[in-house]
Amino acid sequence: MIGDEKAVHPAWLAPEAFRPLGSRRVLVHGDGPLVDTVLTEVTLACARFGGRVRRSAYPPPPEGDPEPTGAVDVVLALRWAGPLPEPAARAVAALHERGGGIGDEGFLLTRVDEVTVLLAGGPAGLLYGLFHLVRLGAAAYSPDLATQRHRPGLRRRMLNHWDNVSCHPVMGQVERGYAGGSIFWRHGAARRDLARVRAYARLLAAAGINAISVNNVNVGPVEARLLTDHLGDVAEIADTLRPYGIRLHLSVSFAAPVTLGGLATADPLDEKVRAWWATTTRQVYERIPDFGGYVVKADSEGQPGPFTYGRSHADGANLLAEALAPLGGVVHWRAFVYNHHQDWRDRSTDRARAAYDHFAPLDGDFRTNVILQVKYGPIDFQAREPVSPVITAMPATRLAVEFQVTQEYTGQQRHVCYLGPHWSEILRFHPWGPDGGTVAEIAAGTATPGPTGYTDPSRSGLGHGGGMVAVANVGDDQFWCGHPLAQANLYAYGRLAWDPGLEPRTVLDEWIDLTFPPGSTADPDLVRETLHEIMGDSWHTYERYTAPLGVGFMVDPDGHYGPNVDGYEYSRWGTYHHADRDGVGVDRTRATGTGYTGQYPYPWSEVYESVERCPDELLLFFHHVPYAHVLHNGSTVIQHIYDTHFAGFEQVETMRRRWRRLRGTIDAPVFTRVAERLDEQLRSAREWRDQINTYFYRKSGVPDERGRRIY
Ligand code: GCV
């Protein structure tokens, strides 16, 4: 409950969710800043709900005797922090039974006699374990609690903020931000609302995220200076994030040696340029000892890069990697490189091919502290795209898969669109067919070879993989994300990065329990049922009423919101649908099209090449087909377009009706905000339905079989 109309919403850390922990007797065992954070969290919860907390003595008494536990219900213990209090010492046995390993971020949860014991491998593990206890609620203290061991599937779980320091005349304070201003910056300076930053760090840690970059990948002149003369502002944010185990990264401009350093060139092979990056990077670490590294968008959409000097992206990335390596940092180098000055008349240039064409030949050329950050699809965060072929093409490179939590193309946080199912589908995808590894395993660096996939030995020098990265969706809005239900996307992203095998439905349940804890709503069952009905399939609903069958990009080019079927059809951005009176879709086959299907390994190279075998939902991404083409689902393409658009709109009507049942059951400000957004979603879905249906009816001349109204 937020009560106060203006208070910042607690999101998935509603105070009530801490009741089961906060009403017990808790012992915290361990030392160090993250353990202090755990202690603070437990202390606050106990103060609120009547429990008691104490910290076991550290360092241990000279004789090294384990400290007596006294009467406790819960022990949170760091495994290596001196002799463990008794119940935790016995939990070590349970850990050994399970093979021993929990790593520095993992933890074991078990019951010893009548005590719930959380045993963590490192301070970060204790923090994640604490939030796991909160997630479990009362179940964590049940005599039936089964022993559980948790450790993250991916070590790197990162968010990129596209926040500008100065308010950009077109993109605003946050590029593609739909939740107000930046929580870090305002009008050219640091915002210094560190309480808000701390609250944010806490939410991120509770979802499992451990790294963020704090400025836009499009680095303007003011933003570039965060690296040098505004480093103090950055350090202040890093200090605020650190107690929650979050490392700070900066987006930097490849041209910085020229624009900031006064050099004549930013050529990556120039000695002075290398020296400049080395010195500058050392200065960053003097201020921020746990600095994570750089994020770079180079030679993309107007950003400077190594092409200016006739150098490759490996040369560019390695330059920064060399400066960061001795200090423990990494470079996140983005693979989002394509020609944005295309001629629509030229059908041989295919934006979908670009990342692979640029980067696959460079496999093996990157230093091991370079992480190549690849968008999940080959174009740009559409509601439906095939998985990018770059993800399988670079066995000797550390890859991170990039997602978009901010809903640039999925309704801009005005539409309900729960993206957990979308991301889960991508993470579980087998790019080499059923016998090979998954996208999640590639991101983890543990992919097993498929029949034609790469083999582990070639990755042996790479350590773990590059993990997951996503563009953040928060701002200074009272509800963090503009739309209160869009919080679930941020939560789900973190949880899937921690465990890509989680069921999105389970994650949604977790989020509901933490955001609307049973004690805080008038009818918990109704709340849960309604949220599942509204959110569970909302990604597919959104897909139904927007661009059909994977064709993508029928959006308004100015803001990427709302329909504009031909908005990009004659533009330079390379995002076309090629609809004419006979058919629609982009021919990306090897036989007759751009050859993009050839970038996939077997079997997908064959599946996508074949109009008969291509999955319906991607048909128009890969093929140009007649409107009368019959889909696997038995419908013609044109009839499918009509049916899905009518159905999608009706589903939004249903969502809106269902939400209204919650009036008086949940917090009024949340209820009202969601209700307003659903009104807008309905208006927008109607616009999508009618523009798409009308467009294709006019192009094809084929009437709707069911005679519904098309304009
Ligand atoms: C930060 C898309 C967005 C841009 C964004 C770019 C990127 O093109 O529309 O706003 O720029 O992706 O990922 O770099």
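Student: What distance separates an oxygen atom of the ligand from an N or O atom in the side chain of Glu301?

Tutor: This is a predicted model, where local features need pLDDT of at least 70 and side-chain atom pairs count only at pLDDT 80 or more, while totals for chains, interfaces and linings use all residues. Numbering starts from 1 along each chain as its sequence is written, and side-chain values use heavy atoms, without hydrogens and water. For Glu301 the distance is 3.0 Å.

Student: What is the distance from a polar side-chain atom of Glu175 to an oxygen atom of the ligand?

Tutor: Glu408 also has a side-chain N or O atom facing a ligand oxygen, at 2.6 Å. For Glu175 the value is 2.5 Å.

Student: How much of the ligand's accessible area does the protein cover?

Tutor: Accessible area comes from the Shrake-Rupley method with a 1.4 Å probe. On its own the ligand has 330 Å².

Student: How many of the shell residues around the ligand are charged?

Tutor: Asp, Glu, Lys and Arg count as charged. The shell also holds four nonpolar and three polar residues. The charged ones number eight.

Student: Why are Tyr542 and Tyr545 separated by about one helical turn?

Tutor: The two belong to helix α18 (residues 538-545), a helix being a DSSP run of H or I with at least four residues. They are separated by about one turn because their spacing in that helix is three residues.

Terms used. A polar contact is a pair of N or O atoms within 3.5 Å; within protein, one must be able to donate a hydrogen and the other to accept it, and residues adjacent in sequence count only if both atoms are side-chain atoms.
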